[in-house]
Amino acid sequence: MHRRAEGSARESLTPENQPVASSGETIAAISTPAGEGAIALIRLSGSHAIAIANRIFRGKLQPSQFPSHGQHLGQVLDGERVVDQVVLSVHRAPHSYTAEDLVEISCHGGVLVTAQVLATCLAAGARSARAGEFTERAFLHGKLDLTQAEAVIDLIRAQTDLALRSATEQLQGRLGDSITAIRDALVGLLAHLEAALDFPEEDIAPDEGQKLRARLESVGEMIRVLLATEQRGRILREGIRVVIYGATNAGKSSLLNRLLGYDRAIVSHIPGTTRDTIEEVINLRGIPIRLLDTAGLRESEDELERAGMARTEKSLALADLVLHLVDSSAPQPALFQRRDLLPDEILLLNKSDLPAHPDWRESAALRISCVAENGLTGLEEEILARVGAANIQTESTVAINARHRDCLRRALGACERAGVTLEQGLSLEFAAVDAHEALNAVAEVIGLGSDDPILDSLFSQFCIGK
Ligand SMILES: Nc1nc2c(ncn2[C@@H]2O[C@H](COP(=O)(O)OP(=O)(O)OP(=O)(O)O)[C@@H](O)[C@H]2O)c(=O)[nH]1
Ligand SMILES: [Mg+2]
């Protein structure tokens, strides 16, 4: 499934062409989550993976005799002691996730037995893998570009179908392909620029500058198209923070429970029930919404309640959208009277099953009832409309992340500077410098030329064993 990047990213990184990855070291880790399960998976990767498997495995054949990718039943031994009955498979380089020799051991999914199988691998010569080291090796060996490696994390974390589809397509190389197309266009442009540079000023055809500018503009447009997917990427990866806020007893916790579909928060007629913020994720037609129920606001001397209200204020500061809930059967609380609605706020008149108080009768705000379950579909529509869901649920699934955005903005800035140089008829050399900078920034998106700290911080977000 993985697309092969052009050679190894690290090869292009190191002019000395050092050998890729730490192929001398064989790494091992438990790749399944900690805890009890039917099966757990332990992975070994590196040049000694098969030799280590030979040392610890007893079955009809030795792992070194296994055909690649086949599964074989046997036992893991610590000396003569049987640690567990397992199924072992060998994936020979380069046809494995990491492109190295890779061994997978499926053992029983107990915490202790899994730890002992891993310990046996370590005692036989492997070293513990760092977080994300398997995927890092896949990247360093050119099995994945950096956008694909990032897609692995997105895929694991995806909470909605839409987020999953976007991650899957990124893993298949869709974003990488767009980046490669921009890179190719920039390489072509640079060749054109450099060819023009070889001629003295007077030999350059008058329309040459025009052509170069048109090419630059088209590269800039390709970059802008990708930059426009940033909001979509942020929403699919992190979800939209929707804070439910209002006076005590307005029905905030009731609304949280209704939108979630189960009784998550305590609801009571006693004002000041919710003290802490409660966060849960719902899936609104593919869009992950992080719903926050907050402590109701009112004048209070109670220390705990005031601490809860301070948290409410903090949540509001970080909200993408605020659902301001009021009890429409009661007068408007004094605390809220002199407050204008924020642009990212939806006013909701709750308890519409009860007769409306005169304060609210004329209001055009959305009416809902958490008890009678009225108006909730309308509310969901309103939330989706406010977050621009139509732009998110498009056919295209490309959605860049913050790292891609930073690289692409740099690239766009450099293209724009090159454009100004050409427009003002300044030396083509200046334009070539900027075009080179744009090329490097674009290449960084797929991991060419990314420095080690960037790679370290990226792969450390993975779990150990991935
Ligand atoms: N009639 C009616 N009662 C409601 C409705 N929604 C909530 N209630 C009632 O209002 C009371 C307060 O509801 P909660 O959901 O606890 O209100 P809250 O805003 O979370 O209150 P605090 O946590 O104290 O700030 C409860 O008795 C609910 O049953 C509604 O739509 N109609
Ligand atoms: Mg509450």
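Seven strands form an open sheet here: in what order do they stand?

Guide: The order is 3-4-5-6-2-1-7, and the pairing is mixed. Some ground rules. This is a predicted model: local features need pLDDT of at least 70, side-chain atom pairs count only at pLDDT 80 or more, and totals for chains, interfaces and linings use all residues. Residues are numbered from 1 along each chain as its sequence is written, while chains are lettered from A and ligands numbered from 1 in the order in which they are written.

Two terms come up throughout. Strands (E, at least two residues) and helices (H or I, at least four) are DSSP runs, numbered from the N terminus. Two strands pair if DSSP finds at least two bridges between them.

Strand 1 (residues 27-30) pairs antiparallel with strand 2 (residues 37-45) over four bridges. Alanine 28 faces leucine 44 of strand 2. These two strands make a hairpin with six residues between them. Glycine 35, in that turn, has a positive phi of about 125°.

Strand 2 also pairs with strand 6, again antiparallel, through eight bridges. Here serine 45 stands opposite leucine 102 of strand 6. Strand 6 (residues 102-109) is joined in turn to strand 5 (residues 81-91) by five bridges, and the two run antiparallel. On that side, histidine 91 stands opposite leucine 102. Strands of a sheet pair through backbone hydrogen bonds, either parallel or antiparallel.

Strand 9 and strand 10 run antiparallel and share seven bridges. Leucine 284 stands opposite isoleucine 287 of strand 10. The two strands form a hairpin with two residues between them, and arginine 285 in the turn has a positive phi of about 45°.

Strand 10 has a parallel partner too: five bridges join it to strand 8 (residues 240-246). Valine 242 has leucine 291 of strand 10 as its bridge partner. Burial comes next: a residue is buried if 20 or more other C-beta atoms, placed from the backbone, lie within 10 Å of its own, exposed if 12 or fewer, and partly exposed in between. Six of the seven residues of strand 10 are buried, so strand 10 is largely enclosed by the rest of the structure. Further along, strand 11 (residues 321-327) and strand 12 (residues 345-350) run parallel, joined by six bridges. Leucine 325 stands opposite leucine 348 there.

Strand 10 (287-293) is also part of what covers the buried residues of helix 6, along with helix 5 (146-157), helix 7 (174-197) and helix 9 (230-238). Those buried residues of helix 6 (residues 161-171) are Leu162, Ala163, Ser166, Ala167, Gln170 and Leu171. Just after helix 6, glycine 173 takes a positive phi of about 105°.

Helix 7 holds leucine 193. Leucine 193 is buried, because 23 other C-beta atoms lie within 10 Å. Contact is defined as C-beta atoms, placed from the backbone, within 7 Å. Leaving aside neighbours within four places in sequence, leucine 193 contacts Leu212, Leu428, Ala431, Ala432 and Ala435. Its C-alpha atom is separated by 8.3 Å from that of glutamate 429, 236 residues apart along the chain.

Last, the whole chain. The secondary structure comes to 17 helices and 13 strands. Of the 466 residues, 40% count as buried. Domain bounds come from an automatic or database domain assignment. That assignment gives domain 1 (9-144), domain 2 (155-229 + 399-446) and domain 3 (236-392). The C-alpha centres of domain 1 and domain 2 lie 40 Å apart. The C-alpha atoms fill a box of roughly 85 × 80 × 40 Å along the principal axes.

Definitions and conventions. Contact = placed C-beta atoms within 7 Å.
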